[in-house]
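Please read the numbered points alongside the sequence and the model.

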Amino acid sequence: IANIFPDNKIMDFVRIKNDSSSVFELNEKMIALVKLAEQELRNADSPYFATRAYLNICSFFVELSDCKLIPLANNYTPHFIIEIKEYIDKNYLTIHSVTEVAQKFFFSREYISRSFRQYYNTPVYEYILKRKMIYCCILLQQGEHIENAAHRAGFYNIPSFFKLFRKFNGCTPSEYKAKNSSVLGKSSD
């Protein structure tokens, strides 16, 4: 803890500078936990002071994970939400659930889902599916066989894939491929 907050000013890390820059609605319990952690760090002669400070900080972050996000401005998106989106954009082919994303960023599944939807106006799982579907459509346009395109895009249950494909594209994969095949002249499935 002392390495992270060398001047024992944990509250400066979480303090709301002004109302226009706040992201989380901090409650009295959260502020008390931070103050207790600071107090423990100042009491370095006490046995296990760092452990007690660490436990208070952990309790603070547990409380923080359940607190309400406060929208800052029309164009503001918190950095952690941007990081989550960037992670999904880079890894969508290997992501199988929102729980995987939540574990990667140490948030609850519900919190990530709620936050992502608030700032990107789409559920996080649907966003992952859309990314996979776009990749699948590109593969189909390049002449890839339907099942191969589905597997490469991370869809392994073919009947479910057909339902999702129709939902997202308004046609079957065969119809899509016939309409959008590249000029390479590859035959459709």
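1. Angles under 35 degrees count as roughly parallel, over 145 as roughly antiparallel, 65 to 115 as roughly perpendicular and the rest as oblique. Axes are lines fitted to C-alpha atoms, for helices over the stretch in contact, and angles run from 0 to 180 degrees between N-to-C directions. Helices (H or I, at least four residues) are DSSP runs, numbered from the N terminus.

2. The model is predicted: local features need pLDDT of at least 70, side-chain atom pairs count only at pLDDT 80 or more, and totals for chains, interfaces and linings use all residues. Residues are numbered from 1 along each chain as its sequence is written, and side-chain values use heavy atoms, with hydrogens and water left out.

3. H4 and H7 pack at an angle of about 30°, their axes lying 10 Å apart. The two helices, H4 and H7, are therefore roughly parallel to each other.

4. Where do H4 and H7 meet? Lys-85, Ile-88 and Asp-89 of H4 meet Val-124, Tyr-127, Ile-128 and Arg-131 of H7, contact meaning heavy atoms within 4.5 Å.

5. Leaving aside neighbours within four places in sequence, Val-101 is in contact with Ile-84, Tyr-87, Ile-88, Ile-95, Ile-112 and Ile-128.
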